[in-house]
Amino acid sequence: YQQVLHPDFYDIAFHRKGDVRWDLINDSLQINKGTVLDIGSNWGYFSHKFEDLGYECTAVERNYKCNYFLKKFKDIEGKNFSTYNNSIFKIPNLKYDVVLALSIFHGFIRNKSAYDKMTELLSKLDMEYMYFEPHKGDEVGDGFYVNYKPEEFVEYIINNSCLNHYKFLGESSRKRKIFLISRHQL
């Protein structure tokens with residue numbers, strides 16, 4: 001999905017090419033240390049990057065195969081971030097400085113049950129910042145419970161969380177918008 005941060009894998013093609021998303025996030029960081037929750041971390045690209053900057057990270061990946069490789073790459077690179085192999089809706093710690101929700105929340109708008117769980121999670125997360133990458137409006141089908149446009153999805157997050165302000169940062173290599181959503185004025 002995202003480039004593996006190990007030299008033996010640099011020549012392999014990945015779904016997400018380059019560091020566009022990381023560069024947008026890194027250039028807009030509002031704090032220089034703290035805790036990070038990486039929702040849907042896949043093989044841990046962002047947890048590796050944040051740990052390199054001194055943050056304490058928790059990588060959440062419910063897919064057992066992805067979690068296997070997440071832990072392998074974590075060990076190979078000598079990282080210390082925590083891993084959580086379960087649904088984000090079951091995570092016990094709900095307080096983080098930074099939450100990463102990059103191309104993951106559209107999976108929770110497929111049906112009312114998942115949507116309601118996402119709404120409840122947002123209401124319970126105690127966070128200062130969220131980096132959010134929604135789907136493009138035309139990427140989901142008619143069978144979805146809701147289909148927010150990117151800015152509508154940001155407003156939904158603000159209306160259901162402790163966050164109050166947002167800033168558009170730019171687009172990913174897949175032309176999806178990336179936002180910084182904050183508790184405080186940006």
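**Close-up views of a predicted model**

**View 1. Overview of the chain.** The chain has five helices and seven strands. The model is predicted. Along the sequence, the elements follow the pattern α-β-α-β-α-β-β-α-β-α-β-β. Of the 186 residues in the chain, 48% are buried. Among contacts between residues at least 6 apart in sequence, 65% join residues at least 24 apart.

**View 2. The open sheet of seven strands.** The strand order is E3-E2-E1-E4-E5-E7-E6, and the pairing is mixed. Strand E3 (82-84) and strand E6 (165-171) are the edge strands, each pairing on one side only. From one strand to the next, the twist averages 20°. Strands of a sheet pair through backbone hydrogen bonds, in either the parallel or the antiparallel sense.

**View 3. Parallel pairing of E2 with E3 and of E1 with E2.** Strand E2 (residues 56-60) pairs with E3 in the parallel sense over three bridges. In this pair, Ala-59 stands opposite Thr-83 of E3. E1 and E2 also run parallel, and five bridges join them. Here Ile-39 stands opposite Val-60 of E2. E1 is mostly covered, with four of its five residues buried.

**View 4. Helix H5 against the sheet.** H5 packs on the sheet and touches strand E5 (126-133), E6 and strand E7 (177-182). The direction of H5 makes about 20° with that of E7. The buried residues of the helix are Pro-150, Phe-153, Val-154, Tyr-156, Ile-157 and Ile-158. The elements that cover these buried residues include H4, E5, E6 and E7.

**View 5. Glu-152 on helix H5.** Glu-152 is found in helix H5. This residue is partly exposed, because its relative accessible area of 40% lies between the 20% limit for buried and the 50% limit for exposed. Glu-152 and Pro-134 are 18 residues apart in sequence, and their C-alpha atoms are 9.9 Å apart in space.

**View 6. Crossing of helices H4 and H5.** The axes of helix H4 (residues 112-124) and helix H5 (residues 150-159) come within 9 Å and cross at roughly 55°. H4 is therefore oblique to H5. On the H4 side, the contact is made by Tyr-115, Met-118, Thr-119 and Leu-122. On the H5 side, Phe-153, Tyr-156 and Ile-157 make the contact. By class, the contact has six nonpolar residues, one polar residue and no charged residues.

**View 7. The largest nonpolar core and a second, separate core.** The largest nonpolar core has 33 residues, of which Phe-105, Met-130, Phe-132 and Ile-157 touch the most other members. Strand E1 (35-39), strand E4 (95-102), H4, E5, H5 and E7 each supply at least two residues of this core. The second core is separate and has 20 residues, including Ala-59, Leu-100, Leu-102 and Tyr-129. In soluble globular proteins, nonpolar side chains tend to be buried together.

**View 8. Surroundings of Phe-132.** Leaving aside residues up to four places away in sequence, Phe-132 touches Ala-101, Leu-102 and Phe-105, among others. The residues touched by Phe-132 also include Phe-153, Val-154 and Ile-157. Lys-177, Ile-178, Phe-179 and Ile-181 complete the list for Phe-132. Phe-132 and Ile-157 are both among the core residues that touch the most other members.

**View 9. Asn-42, a loop residue with positive phi.** Asn-42 lies in the loop between E1 and helix H2 (45-52). Its phi is near 60°, a positive value in a residue other than glycine.

**View 10. Lys-175, a loop residue with positive phi.** Lys-175 lies in the loop between E6 and E7. Although Lys-175 is not a glycine, its phi is positive, at about 65°. The relative accessible area of Lys-175 is 52%, which is over the 50% limit, so Lys-175 is exposed.

Conventions: Residues numbered from 1 in each chain as written. Predicted model: local features only at pLDDT ≥ 70, side-chain atom pairs only at ≥ 80, totals over all residues. Heavy atoms only, no water. Axes fitted to C-alpha atoms, helices over the stretch in contact; angles between N-to-C directions. Parallel < 35°, antiparallel > 145°, perpendicular 65-115°, else oblique. Contact = heavy atoms within 4.5 Å. Nonpolar A, V, L, I, M, F, W, Y, C, P; charged D, E, K, R; others polar. Pairing = 2+ DSSP bridges. Core = buried A, V, L, I, M, F, W, Y, C linked by side-chain atoms within 4.5 Å. Buried < 20%, exposed > 50% of the residue type's maximum accessible area, 1.4 Å probe, protein only.
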